[in-house]
Amino acid sequence: MEGRRKIPKLLIAVLLIAFFFAFQICASASDSDAIYYESFEEPFDGRWIVSQKDEYQGVWKHSKSEGHDDYGLLVSEKARKYAIVKELDHVVNLKDGTVVLQFEVRLQDGLECGGAYLKYLRPQEAGWLAKEFDNDSPYSIMFGPDKCGSTNKVHFILKHKNPKSGEYVEHHLKYPPSVPSDKLSHVYTAILRPDNEVSILIDGEEKKKANFLSAEDFEPPLVPAKTIPDPNDKKPEDWDERDKIPDPDAVKPDDWDEDAPMEIEDEEAVKPEGWLDDEPEEIDDPDASKPEDWDDEEDGEWEPPKIDNPKCEAAPGCGEWKRPTKRNPAYKGKWHAPLINNPNYKGIWKPQEIPNPDYFELEKPDFEPIAAIGIEIWTMQDGILFDNILIAGDEKVAESYRLTTWKPKFEAEKEKQKAEEAAAGESDGLSGFKKKVFDLLYKIVDIPFLEAYKPKIIDLIEKGEQQPDITIGVIVSVVLIILTVFFRLLFGGKKAAVNTETNRVPPAEPSDNQGTSVENEDEDEKEEDAAAAPPRRRSTRREN
């Protein structure tokens, strides 16, 4: 009987032990899913190392996010350089599977000029020390907000080793998204996938997707071009790049007077009644007196200052009356022969393409491992708060962290912002509408074909946010810029492409316009003639 009783006890003990281990595994599952996680709930002293380089005078603080009990790493002073680094317990390999880089930043005092990005550093064998961490410390990836002047972007820079030269080259993501312009908490996510794709998310929303091996997505491209222009190729001396030439058969008309002035006196003009011919426009100020310390020998002969003649204010004018000028109807300017298609036109010359000696093929980027996370920035603003830095091997893990650490704070901050706007006398409806409009404009400005105009558009948007009275004008201006660029793309036309084998462009079709004279000058030529003419005298009341 006793032997039978021992068996159930043994089974119960085994089950209890198994249940205990299962509970421990479930309880720690969330932590094990993160390769690295920093919440900053505990002080960073002793775990993060502040650079001892003299140039980094900015003071880091362990501080709560405004309005929350949540702690972060705070940039506490304006106009300072900051550098701090955390060495990881284990090196992170970026070559195998998916890797997610994620962190939060709150610009509590805004960001006019400064960075708020992270650097994911290579192992120290690459030649750096934590206490000497600076701008030159070798990194694998740089990721995060940067804004100053015309720069407004969420950086993603891959530092990749050229397999031929052995040099490390910075490859910048083209057309990166813009930095949110408010003072709320935002979470930035970069997802590196094994299919060579990278996605940039802001607040969990994908803002940019790119391929590491695409020349359209990174500058300079990771994979060089297969061919390059031949540096030894020279343009032939008889190569004619003029698509239009003056018509050699055109003759200037006999009645074309090149010497006729652009303007002539208006013979029909009549001097207004009451014109004071003998009164000057300006007179000596009768109330002025010579300063007591005026020395004629050192300062010269003193002359009273001039004032407008009060008699002229009631009259149509004073002084000598002269007829005003008017445009000369006989003016035609310098004659030029009309332009015709050039029969010898060969196109815009380009050198022949040759195989690129530096070309190499690449199936996957040769990512350098991550051994540390550093923040090395220069900023004119304080109040930048970093929080919840995460490295994970699963997109869903990063999403769960966003939902639990960032989302509640963000929602609370938005509600507070709405209440403050309402208290300031701005209706919730109008405020919400403006917010949606500006959010839409920030999305539109990230469209690639607007890249050349991006700084100008962002400057307009920011002015509109700061000055609500000009919001409508800003919106109209931005829309006009976008429409202008769009119509230029549609109707601006392109030059014919050069045939790389023959260096020739197909000649244009001959024109049917065989006119032998030009009736009017081109506007540019008129401006040249006007510039060569004597400057026009400032008009006065006597010429009215």
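Q: Is C148 buried, partly exposed or exposed?
A: We're looking at a predicted model, where local features need pLDDT of at least 70, side-chain atom pairs count only at pLDDT 80 or more, and totals for chains, interfaces and linings use all residues. Residues are numbered from 1 along each chain as its sequence is written, and side-chain values use heavy atoms, leaving out hydrogens and water. Buried means under 20% relative accessible area, exposed means over 50%, and partly exposed is in between (1.4 Å probe, protein chains only). C148 has 32% relative accessibility, so this residue counts as partly exposed.

Q: Which residue does C148 join in a disulfide?
A: A disulfide here is a pair of cysteine sulfur atoms within 2.5 Å. The partner of C148 has its sulfur 1.8 Å away, and the link is left-handed, with -75° about the S-S bond. C148 sits in strand 9 (residues 139-148) and its partner in strand 7 (residues 113-115), so the pair ties together parts that are 35 residues apart in sequence; strands are DSSP runs of E with at least two residues, and helices are runs of H or I with at least four, both numbered from the N terminus. That partner is C113.

Q: What pattern do the disulfides of the chain follow?
A: There are two disulfides in the structure. Besides the pair C113 and C148, C312 is joined to C318, S to S 1.8 Å. Counting bonded cysteines along the chain, the pattern is 1-2, 3-4.

Q: How many residues does the largest nonpolar core have?
A: A nonpolar core is a set of buried Ala, Val, Leu, Ile, Met, Phe, Trp, Tyr and Cys residues joined through side-chain atoms within 4.5 Å. In the largest one, Y120, F143, F156 and F386 have the most contacts. Strand 5 (residues 80-92) gives the largest share, six residues.

Q: Which residue has a side chain in polar contact with that of T405?
A: T405 lies in helix 5 (residues 395-423), and at 19% relative accessibility it counts as buried. A polar contact is a pair of N or O atoms within 3.5 Å; within protein, one must be able to donate a hydrogen and the other to accept it, and residues adjacent in sequence count only if both atoms are side-chain atoms. The contact between the two side chains is 3.1 Å. The partner also belongs to a network of salt bridges with D70, D387 and K409, and it is E104.

Notes
A salt bridge is a side-chain nitrogen of Lys or Arg within 4 Å of a carboxyl oxygen of Asp or Glu.
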